[in-house]
Amino acid sequence: MISTPERATTLQARRLGIDTRQEPIIYLRADSPVCRSEGFSALSRVLVHTEHNKIIATLNIVTGEMLRRGQIGFSESAWHRLHLNTDDHVWLSHPRPVQSLSHVRSKVYGHQLNKQQFQEIINDIVDGRYADVHIAAFITACGDDKLNDTEITALTQAMIDSGSRIDWEQPLVIDKHCVGGLPGNRTTPIVVSILAASGLTMPKTSSRAITSPAGTADTMETMTDVSLTLEQMKQVVKQEGACLAWGGSVRLSPSDDILIQVERALDIDSEGQLIASVLSKKIAAGATHVLIDIPVGPTAKVRSQEAADKLANSFMTVSERLGIKVQILYTDGSQPVGNGIGPTLEAKDVMAVLQNDTDAPQDLKQRVLTMAGAMLEMSGTVTAGTGIEKATTILETGLAWKKFAAICNAQGGMKQPGEASYLFKHMAEEKGYVSSIDNRLLAQVAKLAGAPMDLTAGVEIHAKLGQLVHPQDPLFTIHAESSGELNYAVDFLESHPEIICLTTEVSDT
């Protein structure tokens with residue numbers, strides 16, 4: 001039973017069906033006596049009590065007849081967090097001050113934070129005491145290389161300690177992560193299948209997209225259920241040696257999923273928080289050995305070898321302090337990987353490689369074999385220099401596909417990716433060789449088309465660097481689920497002709 005404030009006015013709960021994503025919002029009439037008596041105004045942070053639960057929510061003021069006198073409206077997020085029923089009794093009061101916001105302000109002004117300060121911030125974020133504006137301030141204060149390795153270590157540990165942690169009771173549990181910035185780089189489902197087929201344990205939890213058109217969880221969701229409970233995840237791993245699950249459903253570093261929602265809105269993915277996000281999830285998921293893929297290219301997230309080395313050094317330093325073994329793999333980030341960008345289109349590439357289709361994207365296949373080979377060698381299950389050969393055998397004999405199908409079936413069954421309703425082919429206007437492809441702009445086209453929220457939306461690529469194209473040859477096709485989103489993407493394309501550039505000279509790439 002939750003104690004309610006004395007002499008508080010009782011309000012009746014009404015579900016308004018408003019989607020405010022993760023942030024709980026409540027709604028009161030402008031003439032509500034509660035606002036006058038408590039001094040609440042628009043955007044006030046309010047402690048909301050029921051008989052059994054309480055949350056902190058942001059207040060919005062409404063006019064008109066949306067609410068009757070004595071009613072309080074709830075967004076979907078607030079309604080579900082409080083486990084409300086229509087006309088339940090609700091009381092409002094002032095929350096105690098959020099002391100950790102002083103640490104955020106300190107970071108805004110350039111001061112270094114210690115482990116305890118990061119822990120207080122992360123605990124308050126997980127407990128719902130921060131509004132999105134507070135989280136945005138924290139993310140921005142930590143962006144642009146404002147965290148040193150000591151702070152990144154402290155932030156990572158705080159994120160680990162805020163949620164569940166799995167112990168697989170095995171000396172070697174392997175995992176991988178790509179830092180991103182390279183559209184279509186959907187290697188994880190194939191790598192997991194190869195390694196699990198070789199007998200390794202790989203409980204893979206992945207995030208949804210932050211600033212990209214698809215994350216591994218988004219892509220896998222087109223083929224099977226990824227919202228597993230912790231017990232379901234353990235059962236799948238026990239049965240198949242691996243899983244391909246969304247990390248947000250098992251409360252592994254839950255603060256990371258909250259931060260990601262705001263990072264996506266800000267279109268920010270800072271280096272320090274990237275490292276904390278990756279390593280907190282890996283350690284919480286019980287990994288002992290992790291391969292970090294860093295694509296390097298002029299329009300990738302990491303644009304120079306110098307920047308890649310700096311990121312790699314921080315990864316190595318933080319991982320060593322936290323007791324996890326990390327290996328860095330630099331890969332080519334000069335152009336998208338595979339044929340598809342967007343959840344469904346990337347899923348089709350994954351299935352084509354796993355099924356050894358003759359028209360499967362060979363660049364994706366070779367990248368997968370390089371990673372899987374490195375991880376087999378890292379695990380010590382094969383001798384140095386033989387990893388790629390072993391990975392190739394597992395893939396080309398169909399063992400990886402068999403394992404992937406088994407994992408999907410264990411997670412609730414395999415389903416076929418769908419098809420978009422609206423298509424637009426972008427054609428070459430002249431003869432020439434493809435000399436450059438802008439990863440960021442091409443990803444933006446896919447997002448404007450609706451990815452990743454619309455699973456079948458995205459971009460299908462028909463031309464690669466160095467390829468000779470003729471007038472009216474297709475360079476890429478935009479896929480969308482609505483005509484409006486297709487038009488947004490086409491309008492953007494027409495104002496950015498530099499997305500794919502041609503030259504009369506043969507490319508060196």
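Set aside the neighbours within four places in sequence, and Asp-257 is in contact with Gln-22, Trp-246, Gly-247, Gly-248, Leu-252 and Lys-281. Keep in mind that this is a predicted model. Asp-257 belongs to helix H10, which covers residues 254-266. Is Asp-257 buried or exposed? Its relative accessible area is 14%, and because buried means under 20%, Asp-257 counts as buried. One of its contacts gets a closer look here: the side chains of Asp-257 and Lys-281 are joined by a polar contact of 3.4 Å.

Now for helix H9, residues 230-240. Its buried residues are Met-233, Val-236, Val-237 and Glu-240. They sit on the same side of H9, because the arc they cover around the axis is only 95°. Over on the other side, you'll find Glu-231 and Lys-238 exposed. So what covers the buried residues of H9? The cover includes these elements:

| Element | Residues |
|---|---|
| Helix H7 | 188-197 |
| Strand S8 | 202-206 |
| Strand S9 | 242-246 |
| Helix H16 | 399-410 |

Last stop: a sheet. Three strands make up an open sheet, in the order S16-S14-S18, with antiparallel pairing. Strands S16 (468-469) and S18 (500-503) stand at the edges; each has a single partner strand, so one side of each is left without a neighbour in the sheet. Strand S14 (residues 432-437) pairs with S18 over four bridges, in the antiparallel sense. Which residue in S18 is the bridge partner of Tyr-433? That's Thr-503.

Key: Residues are numbered from 1 along each chain as its sequence is written. This is a predicted model: local features need pLDDT of at least 70, side-chain atom pairs count only at pLDDT 80 or more; totals for chains, interfaces and linings use all residues. Side-chain values use heavy atoms; hydrogens and water are left out. Two strands pair if DSSP finds at least two bridges between them. Helices (H or I, at least four residues) and strands (E, at least two) are DSSP runs, numbered from the N terminus. Buried means under 20% relative accessible area, exposed over 50%, partly exposed in between (1.4 Å probe, protein chains only). A polar contact is a pair of N or O atoms within 3.5 Å; within protein, one must be able to donate a hydrogen and the other to accept it, and residues adjacent in sequence count only if both atoms are side-chain atoms. Contact means heavy atoms within 4.5 Å. The arc is that of the directions from the helix axis to the C-beta atoms.
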